Amino acid sequence: TINSNYFIQSNLSCRIMPSTCPACFTPITDATGWIVFSKAKYHKECFTCYTCKRVIGQHEKLRNNGGLRTCVDCAKKEDPSIGEKKVCHGCEKDIDKAWVIGLEFKWHSECFKCCECERIIDPKEKFYKVEVDGKKVPKCTDCKVTQGMEDLSTKEKKCSGCEKEIDNAWVVALNEFWHHGCFKCSHCDREIDSKESFNTNLGKPVCMGCNNDHFRKKCKECGKPIAGTSLIYKDTSYHHSCVSCFICGEALKEGDHDKIRIVNGKDFKHVECTM
């Protein structure tokens, strides 16, 4: 019988098959039987555990460890869970097929979910370990971040967008709860993903596209929004890299404010540059 983790095969045929035992390198002539492992025939007395050297009986289970035969006792020393039935830490039912490991326990993938919002958590994403009724369970980052916020109860959640109650999944932003579909840009009405960056205008969320197009100052030369420091003359803003000294032609750099002069009300120049 062949198993994915353990296999052993015996052949009790009375025919004498000319084969060589790979353990002792002598011919197999015993007609009473032999043991086949990894497509090779062994004398029964040569079929031993690679680790403890004990003879493995023809009806014993063993572990195929990279082509090396290991008895169950030695295999359990390396992995105590071998041969034991797997139980989900969440629902406490047997695990038949696939499972995930989180908080050092085995779970059905659908049982590894946030203890508060019940969203299924990918074990590869960031989550927090909490204890509920003496049991270690995961808590997602969206729920964890609400702790410590003033006047923000995790028991009665009300969406800041539609002002309706929230039953399951939500977004926490601007110290408020939101349905995923209600957390939108206040300018273009596009839904903002909880993982993307956003800005605010009058206390409302604004996506970065609208923030750049409508709420940031734009460079007079290139027309693109300005992030960070800029050169400002009267009500006009410029990227440093878009403006050059009209005498030497070198682009102006951030931090050079004290070394820049404006002449004729429009031209920038380095202080040290002269006509």
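## A question to start with

Is glutamate 116 buried, partly exposed or exposed? Glutamate 116 counts as partly exposed, because its relative accessibility is 24% and the buried class stops under 20%.

## The model and its confidence

Please keep in mind that this is a predicted model. The average pLDDT of the chain is 76, and 80% of the residues score at least 70. Among the elements, strand S15 (residues 204-207) has the highest mean pLDDT, 87, while strand S1 (residues 9-11) has the lowest, 41.

Two stretches call for some care. Over residues 1-17 pLDDT stays under 50, and the model has 42 contacts beyond four places in sequence for them. Residues 146-154 also stay under 50, with 14 such contacts. Where pLDDT is low, the predicted coordinates should not be read in detail.

## Overall make-up

The chain has 275 residues, of which 30% count as buried. Its secondary structure consists of three helices and 19 strands. Of the contacts with a separation of 6 or more, 24% are between residues 24 or more positions apart.

## Nonpolar cores

The largest nonpolar core has 19 residues, and those touching the most other members are Trp107, Cys114, Cys117, Cys140, Cys143 and Trp170. Apart from it lies another core, made up of 14 residues that include Ile35, Phe37, Ile56 and Leu62.

Leaving out residues up to four places away in sequence, cysteine 143 touches Cys114, Glu116, Cys117 and Trp170.

## Two salt bridges

The model has two salt bridges. One of them pairs the side chains of glutamate 116 and lysine 139, at 3.3 Å from N to O. Glutamate 116 sits in the loop between strand S9 (105-107) and strand S10 (127-132), and lysine 139 in strand S11, so the pair ties together parts that are 23 residues apart in sequence. Lysine 139 counts as buried because its relative accessible area is 7%, whereas glutamate 116 is partly exposed.

The side chains of lysine 135 and glutamate 92 also meet in a salt bridge, at 3.5 Å from N to O. Here strand S11 (residues 135-140), which holds lysine 135, is tied to the loop between helix H1 (72-78) and strand S8 (100-102), which holds glutamate 92; the two parts are 43 residues apart in sequence. Lysine 135 is partly exposed at 22% relative accessibility, and glutamate 92 is exposed at 58%.

Strands S14 (residues 198-201) and S15 run antiparallel and are joined by four bridges. Threonine 200 has proline 205 of S15 as its bridge partner. The two strands form a hairpin with two residues between them, and leucine 202 in the turn has a positive phi of about 60°.

Histidine 214 belongs to helix H3 (residues 208-215) and is partly exposed, with a relative accessible area of 48%. Its C-alpha atom is separated by 8.9 Å from that of proline 225, which is 11 residues away along the chain. Histidine 270, in strand S19 (residues 267-270), is buried at 6% relative accessibility. Neighbours within four places in sequence aside, histidine 270 is in contact with Cys245, Cys248, Glu250, Leu252 and Lys259.

Methods. Residues numbered from 1 in each chain as written. Heavy atoms only, no water. Buried < 20%, exposed > 50% of the residue type's maximum accessible area, 1.4 Å probe, protein only. Contact = heavy atoms within 4.5 Å. pLDDT = per-residue confidence, 0-100. Pairing = 2+ DSSP bridges. Core = buried A, V, L, I, M, F, W, Y, C linked by side-chain atoms within 4.5 Å. Salt bridge = Lys/Arg side-chain N within 4 Å of Asp/Glu carboxyl O.
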